[in-house]
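Work through them with the structure open.

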Amino acid sequence: MRLPALVILLALAATPACGPVFAQGGSVNVYNWSDYIAEDQLKAFEKDSGIKVNYTTYDSNEILDAKLRTGRSGYDVVVPTASPFFVRQLAASLYLPLDKAKLKNWNNLDPEILAALGKYDPGNAHAIPWMWGTTGIGYNVAAIRKRMPDAPVDSLRMIFDPAVVSKFKDCGVMMLDSATDVLPAALKYLGLDPDSKKTEDLAKAADVVKAVRPFIRKFHSSEYINALAGGNICLAFGFSGDVFQARDRAAKAKDKQEIAYAIPKEGSLLWIDVAAIPKDAPNPANALRFLDFLLEPKVAAASSELTGYANGNKAALALMPKEISENPLIYPPADVRAKFYTITAGTADQTRERTRLWTTVKTGR
Amino acid sequence: MKAVIALPFLWLGVFFLLPFALVLAIALGINAPDSVPPVELGFSLKNFVLLFTDDLYLAAWLTSLRIAATSTAVTLLLGYPMAYAIARAAPECRPLLLMLVVLPFWTSFLIRVYAWMGLLDENGLLNQFLRWSGIAADPAPILGTEWAILLGIVYAYLPFMVLPLYATLEKLDAGLLEAAADLGARPITAFLTITLPLSLPGIVAGCLLVFIPAVGEFVIPDLLGGTETLMIGKVLWDEFFTNADWPLASAIAICLLVLLVGPIALFQRQQARSLERRS
């Protein structure tokens, strides 16, 4: 789901400010993650509503962010990740408020996810939740067992305790290259508020990561998918969906490595991808109709079957196969969900300070 | 006739000076994350001051220069004999040899870098070979080190070194070398006093073609390098995308251009003058 930064650059270079095809009248320009909606459902929407869907995809929040910030993106519906992207874009007034009277299916949404999202978007005024997941530990079962039979795979100790991580240096450890994902987890590991913006707290979190840095092969936000699947690393701190991808790919490979995912018992950063309407959307009325279509249980259910992620639609649960709706790694039980946390965006200066701190952690400068 | 002369200048104006002016205008503005686009235009040197007060930027810049200089030197050492051999090959062989140099461009640059990842990683072909042959029982991964970055840059830019070198070496009058031999110069002396100085324009052109893009290289360090190697391209990326600070990112781009192109332009002028003097 997240591609290397360079692909983003190439994509940006290849499509400078030229949005989707603009069809006047009955159309809606949707800009979504690739493989993030069931295609047959899109066709059904076109047939039912008579609205043509100009569907384009991206592979990174950064591309979307840059396009929205440039202005006049031409999109009617976009699907950013709530934090830190959507919340930052919301602060820049990039989105239209939703006319909920026109969203007949609103009540299908899961109140728990809405409440979590409400932290970024008070009153859920601007966005609907689409897919969500956790941030946790992906590992190669055999390689971990061989080196540490009693490894605490479901604990943040697995990635932040030098005594544990050092055991896996030889088989390879990767961590997300993202200050907004790793530092909150380190704060959680220390028992501090994961959303803390205090300089002294962040410095402590940075020290935690610095202590394990010698054992980490690389900080990168997408390479771990291939690396885990190919047996080049044995441990990664990453996004649930990405680890599932690695697991499925590894299971198909000829030497069949077993990759597993664990949600840290201390708590996991909840990520939510949301659907929203940019302020300068050319077809806002059609955009609302499209959002209402996304709120239909069968659409969310079919898309979860495609992606393997949980969706924010409570009514969709009954329509999904049990392998998804009863999978505790996709839809964790209440006690695990109770420990989910989210983080707020903070000011531009705080962002800069955090990014700078992260660079220091990674490079020792 | 005038139109023909004006065309390159028009091109330069539209595709270089105009974008440059825009970037400069943004660099002199102030970061305004809550507006679209996220810039408040003005005349502030704040961004440039920050670049020179935080040693991160200088350190990244120096790393980039070091890696670019090393890889340019290696590319030259590899490229010169190749170009020389092609220029001295039988005329009917030359097109084929040249085509072989250009052949990698037929595949996407990105795919070729990904291929290197497959060769160099822990269980990659190289390590498999080392284990199989018994040269190293437990070879260290090359992927994620500065060596991998150097390898990637040298591989990717080698054709840019070979082609200009070939162009100058091919025009070299073989009679000069014969004359040198007749007058008793040994091949090495003839090479150092005749071939090398005469191929200097090709060396300069090739080195610039490799060095300039290598300094700002982002793709190769991101994919092949590790986290420790901080290059200016990555810093620029962080400012633009992670911090969404367009003015500071623009200031870095301006500094990159001024600090790189300025000295190079001066150097080239010097070169041109010395060539004129010689002829």
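Q: How many of the residues of strand 5 of chain A are buried?
A: The model is predicted. In it, strand 5 spans residues 135-140 of chain A and is mostly covered. The buried count is 6 of 6.

Q: Which strand of chain A is joined to strand 5 by 5 bridges?
A: Strand 9 (residues 259-262) pairs with strand 5 in the antiparallel sense, but over 4 bridges. The partner with 5 bridges also runs antiparallel to strand 5 and covers residues 235-239. That is strand 8 of chain A.

Q: Which residue stands opposite A:Gly138 in strand 9 of chain A?
A: A:Gly138 has a bridge partner in strand 8 of chain A, namely A:Ala236. In strand 9 of chain A, the residue opposite A:Gly138 is A:Tyr261.

Q: What distance separates the C-alpha atoms of A:Val243 and A:Ala316?
A: Along the chain, A:Val243 and A:Ala316 are 73 residues apart.

Q: Why is helix 4 of chain A largely enclosed by the rest of the structure?
A: The buried residues of helix 4 include A:Phe85, A:Phe86 and A:Arg88. Just after this helix, A:Ser93 takes a positive phi of about 55°. Helix 4 of chain A is largely enclosed because its buried residues number 9 of 10.

Q: What area is buried between chain A and chain B?
A: The contact takes 39 residues from chain A and 41 residues from chain B. Carbon and sulfur atoms give 56% of the buried area. The total is about 3300 Å².

Q: How many salt bridges does the rule find across the interface of chain A and chain B?
A: One of them joins A:Asp177 to B:Lys234. Their closest N and O atoms are 3.4 Å apart, and the cut-off is 4 Å. Across the interface, the count is 5.

Q: Which helix gives the largest share of the side of chain A that touches chain B?
A: Residue pairs in polar contact between the chains number 13. Elements that each supply at least two residues of this side of chain A include helix 1 (5-14), helix 4 (82-91) and helix 17 (348-363). The largest share is 8 residues, from helix 17 of chain A.

Notes. Residues are numbered from 1 along each chain as its sequence is written. Chains are lettered from A and ligands numbered from 1 in the order in which they are written. This is a predicted model: local features need pLDDT of at least 70, side-chain atom pairs count only at pLDDT 80 or more; totals for chains, interfaces and linings use all residues. Side-chain values use heavy atoms; hydrogens and water are left out. Contact means heavy atoms within 4.5 Å. Buried area is the accessible area (1.4 Å probe) that two parts lose on being put together, summed over both. A salt bridge is a side-chain nitrogen of Lys or Arg within 4 Å of a carboxyl oxygen of Asp or Glu. A polar contact is a pair of N or O atoms within 3.5 Å; within protein, one must be able to donate a hydrogen and the other to accept it, and residues adjacent in sequence count only if both atoms are side-chain atoms. Buried means under 20% relative accessible area, exposed over 50%, partly exposed in between (1.4 Å probe, protein chains only). Two strands pair if DSSP finds at least two bridges between them.
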